[in-house]
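Colleague: I have a few questions about how the labels on this model were assigned. Could we go through them together?

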Amino acid sequence: MVWAPLWETPRVVFASLTFLLFFLPLHLIGYALLRAPAARNAWLTLSSLVFYAWGEPVWIVLLLFSAAIDFVHGLLCERWRGSRWAKVPLASSLLLNLGLLGLFKYAAFAATTLHSVTGLQLDVPALSLPIGISFYTFQTISYVVDVSRGQVAAQRSWPSFLMYVCSFHQLVAGPIVRYADIAAEIDRRSVTAADVADGTRRFCIGLGKKVLLANVAGELVQATLGATATPLAASTAWLGVCAFALQIYFDFSGYSDMAIGLGRMVGFHYAENFRHPYVSQSIGEFWRRWHISLGRFFRDYVYIPLGGNRSWALRNLLIVWGLTGLWHGASWNFVAWGLYYGLWIGLERAGLAALLERAPRALRHLYVVPVLLVGWVLFYFTDLAQLQGCLAAMFGLAAPSPQADATAARLLADHAGWWPLALLFCLPVGPALARWTDAWTDRVPSWRRPAAVAAALSNALVLTAAIALLVGRSYNPFLYFRF
Amino acid sequence: MTPAPAAPPSPPAVAAASPAWQALPSAVPAALLVALSVASLVLPAETVSEVENRRLAAWPSCDRADAWSGRCGQQIDAYVADHVPGREWLARANFALRAAWGWRRDGVRTYEVAAGEAGIERSDDWAPLAEDASEALDADDLATFDEPVSAASATTRLADDDSPAAAGEAAPTATADRGELAPHSTPAAPSPAPGPALGPAAARAGEPVRKPKPPPLHSVEGILIVDGWAIQPFGGTAGMVKGWTRAVNALRATLPPSVRVFGLLAPSAGEFHLPEGHRRRVRAERPVIEAAYQGLAAGVVGVDAHAELARHAGEAQYFRTDHHWTARGAYRAYAAVARAAGVRVAALESFRRVVWPRYLGSLYGLTADPSLRERPDELEVFVPPFAHRAVHYERVAPTRAVPSRFVREKARTYGSFLGADFPLMVGEVDHGSGRRVLLLKNSYGNPFAVWLLASFDKVVVVDYRYFQGDLGQLVAEHAITDVIALNGIFSACTRYHQLRMMTVARRAQQGAAARAKASLAPLPAAATPATAATPPL
């Protein structure tokens with residue numbers, strides 16, 4: 001099984017030559033030339049719609065429809081708050097949003113499951129998955145719920161609301177931006193040179209993570225877990241799973257970094273979505289560092305309304321984690337993946353965490369890492385036989401496969417410089433370096449210019465390397481001339 | 001006492017407060033992006049990439065359907081990707097970066113090349129397969145594998161314990177002298193007893209037997225760059241080449257006994273030019289060639305090109321930067337075939353030699369390795385001293401003869417030999433030898449075909465990857481006296497190539513059956529194949 005990104009991959013992605021060379025410069029130049037906030041918002045909206053339409057223009061209709069119904073529902077929630085109709089727009093919004101998500105993402109899955117359990121054959125229309133639907137439906141759901149709870153005032157301007165929903169920064173790959181987090185910045189935001197510099201730095205970091213780390217990790221995954229014609233050796237299986245763990249982290253966090261960077265360049269301050277999750281010392285901590293916006297969503301809108309840990313805690317935990325898994329993909333392995341983590345978190349709450357507190361830090365990491373890696377195996381393989389095969393290989397149970405073969409050694413040697421770099425960037429080196437630089441330049445102001453030069457050069461270097469690797473991916477040699 | 005005057009205030013901290021310096025970290029990358037985008041709009045667009053051997057994407061003309069479906073966006077993306085300014089430099093930077101972060105051992109660089117079903121070749125525009133070609137190849141595969149079925153596919157990996165010694169094969173000795181393969185013109189070997197329907201593994205009680213996915217022969221470790229050579233490491237086995245033997249036998253079965261059939265497997269550059277210290281990375285090719293020839297049916301002569309090439313291993317018989325052999329290497333194989341066929345062997349020197357320096361071939365295109373670029377190949381083209389007439393038939397118009405030439409001395413690429421991979425070419429020379437040959441080949445046969453003009457009155461060249469006609473009819477129409485099935489060892493061990501060859505044989509069989517039915521004449525008596533499974537007509 002070739003793992004596809006868990007979000008619906010658009011044609012214009014941040015890590016593409018079209019985006020870097022044309023879309024982004026045009027967008028930023030246009031934004032800078034416009035001065036009025038309304039004009040800038042309109043430009044951002046227009047750019048976002050072009051970005052979204054690049055892949056499949058037809059689904060713009062769905063995006064606009066989804067935004068429109070939640071714009072109206074938000075107003076109704078505010079108008080009817082406290083009345084006996086208060087819950088009606090909320091229920092209606094949930095029904096429509098989840099209904100759309102269910103139709104496009106889960107209908108085929110549900111039909112297949114129903115057929116395998118009951119034998120009932122349902123004709124489900126073969127619909128392609130609209131880009132970003134998992135993100136923007138959750139974003140608009142969070143908006144309507146927050147308005148109905150009175151936590152935020154409804155947005156009365158349709159253009160402003162549309163900009164919030166369809167902003168290309170986070171539309172297709174997150175983070176799930178809460179309206180409350182950026183409400184004040186929608187109509188009033190300022191951008192300084194330092195903001196743009198920080199945003200640029202963050203964008204370049206994300207681009208580097210995606211192109212230099214995630215894409216390369218993806219090739220390693222293909223060479224190991226993707227080579228299904230041959231049985232996996234144990235060493236290759238472990239290497240492949242480690243590569244996948246790196247791929248998914250750098251891919252996802254890279255996109256989040258780019259989104260946060262792009263937002264910063266125009267004055268938005270999106271919340272962090274990843275906080276170096278691989279330094280975690282427990283599974284609970286991991287999920288407080290991984291895809292933070294999704295975790296917050298399920299906590300605030302599912303777990304706590306169900307009762308949280310006050311009543312039926314285990315049930316609530318399993319529901320939330322089952323849904324978390326299901327959100328990631330319409331396949332039972334994702335549900336199993338979610339429940340897997342639900343169980344570990346349940347165990348930690350039941351006493352494992354207390355035990356771990358008394359253990360040395362290294363032991364806590366030794367506990368977390370294999371749990372995560374096994375979890376990624378559940379995530380990667382949608383085919384049960386392949387999943388079992390990989391797990392068996394990892395734990396030496398897949399005779400007559402060898403325990404080690406030349407593949408793992410070769411891939412390690414051929415990427416001997418890449419692996420340490422990838423592992424290093426799992427650690428919070430970026431923030432540490434930034435803090436150190438800031439502290440140093442505060443103490444020695446004369447270093448600020450060299451620091452600015454160094455930042456400029458490193459951004460340019462990452463950008464050049466990323467463009468080179470993107471060109472390399474488009475490199476398409478033929479053995480004979482193609483006329 | 002007068003107090004000392006106050007020290008003048010120190011100059012304000014510069015740089016940090018200055019917006020210009022604050023903007024620098026974003027201005028530099030922004031300038032880079034803007035410069036690249038402006039340059040891509042302003043500079044004249046390249047149309048061809050010589051390194052990639054293809055035309056670069058043109059600006060798309062999109063209609064409403066394209067725009068609505070997203071195809072237009074994809075086409076624009078392809079255009080942008082193909083026209084980034086400095087693309088060649090950036091591509092080299094990409095390869096250099098990838099090479100730099102690996103740990104180079106023993107002076108060897110390895111490039112992982114994504115290989116498909118057809119090895120490193122692209123097969124998306126090949127002729128469709130015959131439906132039963134796969135069954136014909138599978139018929140005996142499972143009965144004659146030595147290894148258990150489930151482990152068969154593991155042999156594509158050259159694991160530490162998969163060295164030739166561990167596999168029981170004789171370790172290769174000196175590269176220059178490998179002895180002779182036994183000249184092959186054997187009487188019909190006794191058919192092996194048909195094994196269990198699903199192979200030896202079926203004998204193990206209760207063990208599920210899985211029909212293995214055909215193991216693709218791909219570069220085991222990628223393409224090796226060593227000592228200025230780009231070498232595909234060979235990982236084929238006697239089991240993997242059986243499909244080639246079976247396809248050639250099927251061909252034999254469909255041709256009249258008056259037509260002589262020759263099988264020729266050409267070893268690759270790695271057999272002779274991989275330094276001794278690195279031979280642990282590959283399998284020996286000669287035993288695989290021998291195993292292939294041993295399975296050939298009566299009436300098929302296995303030609304020992306390996307010995308001929310080994311005797312002249314010091315010559316430029318292989319490209320360093322391309323996966324093919326040179327015209328000089330093809331000559332040695334031609335000489336071996338000509339002697340086996342009993343036709344005149346032209347002297348190498350009788351052809352006019354044209355040399356093009358700085359040829360960078362397919363393996364450079366796949367790796368962009370700097371050491372290959374620094375030592376490019378010389379492309380030798382040997383032009384026949386006699387006139388010849390030739391036509392070719394193109395894929396899009398398979399019945400229209402187009403005037404052609406077997407040698408294009410100014411092409412400066414591998415296209416010097418035959419021009420391109422046409423499904424069918426016919427060349428004629430007035431030798432008066434009375435011998436007419438049909439060459440069934442892939443790209444490896446291109447320089448080889450040129451030499452055949454020196455010994456045969458007519459040379460019919462069929463590229464099995466693209467040919468969709470009836471080979472038997474061709475043989476009859478052109479009064480072919482000799483058929484040569486030529487493969488490089490890699491393609492011979494690649495199932496996708498084997499299926500294509502079998503498809504050609506199947507179509508010939510079907511054509512013969514149709515003709516026989518039409519004429520109500522008995523089918524030509526075919527030679528009995530040695531293997532148990534005779535492909536049914």
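Colleague: Happy to start with Arg500(B): where is its place in chain B?

Modeller: Arg500(B) sits in helix H17 of chain B, which covers residues 495-519. Keep in mind as we go that this is a predicted model.

Colleague: Why is Arg500(B) called buried?

Modeller: Buried means under 20% relative accessible area. Arg500(B) has 3%, so it counts as buried. Leaving aside neighbours within four places in sequence, Arg500(B) is in contact with Trp126(B), Ala127(B), Leu129(B), Tyr464(B) and Arg465(B).

Colleague: And His478(B), with a relative accessible area of 15%: what makes it buried?

Modeller: The cut-off is under 20%, and 15% falls below that, so His478(B) is buried. This histidine lies in the loop between helix H15 (471-477) and strand E15 (482-488) of chain B. Not counting residues up to four places away in sequence, His478(B) touches Val426(B), Arg436(B), Lys458(B) and Val460(B).

Colleague: How do you know whether Ala338(B) is buried or exposed?

Modeller: Its relative accessibility is 1%, so Ala338(B) counts as buried. Ala338(B) belongs to helix H11 (residues 327-341) of chain B. Val343(B), Arg344(B) and Val345(B) are what Ala338(B) touches, not counting residues up to four places away in sequence. From Ala338(B) to Glu135(B), 203 residues apart along the chain, the C-alpha atoms are separated by 34 Å.

Colleague: Stepping back, how many helices and strands does chain B have?

Modeller: Chain B has 17 helices and 15 strands. Of its 537 residues, 55% count as buried. Among the contacts in chain B with a separation of 6 or more, residues 24 or more positions apart account for 75%.

Colleague: Where does helix H1 of chain B bend?

Modeller: H1(B), residues 19-42, bends by about 50° at Pro25(B). Pro25(B) is also one of the buried residues of H1(B), together with Ser26(B), Pro29(B), Leu33(B), Leu36(B), Ser37(B) and Ser40(B).

Colleague: What covers the buried residues of H1(B)?

Modeller: The cover includes three helices of chain A: H1 (17-33), H8 (193-224) and H19 (448-474).

Colleague: Which residues touch the most other members of the largest nonpolar core?

Modeller: That core has 159 residues, and Phe19(A), Phe203(A), Tyr278(A), Trp290(A), Trp376(A), Trp418(A) and Ile467(A) touch the most other members. Helix H9 (residues 234-265) of chain A gives the most to this core, with 16 residues. Leaving aside neighbours within four places in sequence, Trp290(A) is in contact with residues including Ile248(A), Phe252(A), Tyr278(A) and Trp376(A). A second, separate core of 62 residues includes Ala327(B), Leu379(B), Val429(B) and Val437(B).

Colleague: Why is helix H16 of chain A called mostly covered?

Modeller: H16(A) runs over residues 406-414, and seven of its nine residues are buried, so the helix is mostly covered. Among the buried ones are Arg410(A) and Asp414(A).

Colleague: Now the backbone. What is the phi of His291(A), which is not a glycine?

Modeller: His291(A) has a positive phi of about 45°. It lies in the loop between helix H10 (283-289) and helix H11 (292-306) of chain A. With 0% relative accessibility, His291(A) counts as buried.

Colleague: And Trp312(A): why is this residue called exposed?

Modeller: Exposed means over 50%. Trp312(A) has 63% relative accessibility, so it counts as exposed. Trp312(A) is not a glycine, yet has a positive phi of about 55°.

Colleague: Last one: what makes the peptide bond from Gly174(A) to Pro175(A) cis?

Modeller: Its omega is near 0°. Pro175(A) lies in the loop between helix H6 (158-166) and helix H7 (179-187) of chain A.

Conventions:
Residues are numbered from 1 along each chain as its sequence is written. Chains are lettered from A and ligands numbered from 1 in the order in which they are written. This is a predicted model: local features need pLDDT of at least 70, side-chain atom pairs count only at pLDDT 80 or more; totals for chains, interfaces and linings use all residues. Side-chain values use heavy atoms; hydrogens and water are left out. The bend at a residue is the angle between axes fitted to the seven residues ending there and the seven starting there. Helices (H or I, at least four residues) and strands (E, at least two) are DSSP runs, numbered from the N terminus. Buried means under 20% relative accessible area, exposed over 50%, partly exposed in between (1.4 Å probe, protein chains only). Contact means heavy atoms within 4.5 Å. A nonpolar core is a set of buried Ala, Val, Leu, Ile, Met, Phe, Trp, Tyr and Cys residues joined through side-chain atoms within 4.5 Å.
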